[in-house]
Amino acid sequence: MTKEEQIKIINDAIIQTKNSLKPIGYNLLFWGILIISMSLFHYFFPELVQFSNYSSLVYWIAIPVIGMIYTTNYNIKTGHKIGYETQLGRVVKIIWAVFGLSWFLHVAITLIKGINNPTLEILFSLAITLIMTGLIIKFKNITIGGLLLLAFVVYNHVSPGLNFLLMNACGIAFGMLIPGISLYRFKETK
Amino acid sequence: MDKLLLNPIRLKIISSLLGVSSCDFNHLQKVTESSKGNLSIQLKKLEESNYISISKSFKNNYPNTSCSITKLGSKRFEEFFKSLMSLKK
């Protein structure tokens, strides 16, 4: 075997086990559509969501938890189908698991302390998670989406009074839906 | 040069495991384009030399073999690659 052949073997093997970006795109797309739909539904039909004291809380906890179960199941199945886990994929998975944990903590603190809704805190954590993901997988659109979402959060701190549901829908559209579509449609090249 | 890595199948296995935290048997079979028996033999040789670690489990009631590279395996590959590149010069 010549040196060139050996280098080709190494190169081909590494290319065949590269990180697949499509599942991340699918996850962003799924959560983007889900959260925007939930926000707009809540905005246009408040009487259906807020029919009792805790109904909106149940609405904003139960549906995301179902979404988490669905995406976790999807990611496990995709992982089995691909047959390997890259170091990069593992890092991204851990970052999103930490975000999931922070979401639970924000919700729990809101429930225990009886403070206002945790939308801004959750969007802030989400923006940071998106920026980190974009930088790690070197996909500019996600980083820009995260920065835009962060700008939404900062703007709301500077100038409060925006409708949380509309802000949620806009922020998620720029932070998750648009980057998710571009990542999902991104053709992975060698 | 490391004689163990001069074998193309073993070199493909180690190269595939470099950037991953774990990789299953079926994917390695696809990458190496080898038979199950041959792949098992090569994996065993790499495991005996502590280049890789193999774990066996069940996925959806089917047995699953998962491999990952060890620190020694990474080090040996690095040395092999350096010597390969120096030979090229």
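Q: What covers the buried residues of α5(A)?
A: In this predicted model, the cover includes α2 (22-44), β1 (84-86) and α6 (119-137) of chain A.

Q: Which residues of α5(A) are buried, and what makes them so?
A: They are A:Gly89, A:Val92 and A:Trp103. A residue is called buried if 20 or more other C-beta atoms lie within 10 Å of its own, so each of these three residues reaches that count.

Q: How do you know that the span of α5(A) is close to the expected one?
A: Helix α5 covers residues 87-113 of chain A, which is 27 residues. The span from its first C-alpha to its last is 39 Å, and 39 Å is expected at 1.5 Å a residue.

Q: What follows α5(A)?
A: A:Gly114 does, with a positive phi near 65°.

Q: Which secondary structure elements make up chain A, and in what pattern?
A: Chain A has eight helices and one strand. Along the sequence they run α-α-α-α-β-α-α-α-α.

Q: What share of the 190 residues in chain A is buried?
A: Buried residues make up 26%.

Key
Residues numbered from 1 in each chain as written. Chains lettered and ligands numbered in written order. Predicted model: local features only at pLDDT ≥ 70, side-chain atom pairs only at ≥ 80, totals over all residues. Helix = DSSP H or I, 4+ residues; strand = E, 2+ residues; numbered from the N terminus. Expected span 1.5 Å × (residues − 1). Buried ≥ 20, exposed ≤ 12 C-beta atoms within 10 Å, placed from the backbone. Contact = placed C-beta atoms within 7 Å.
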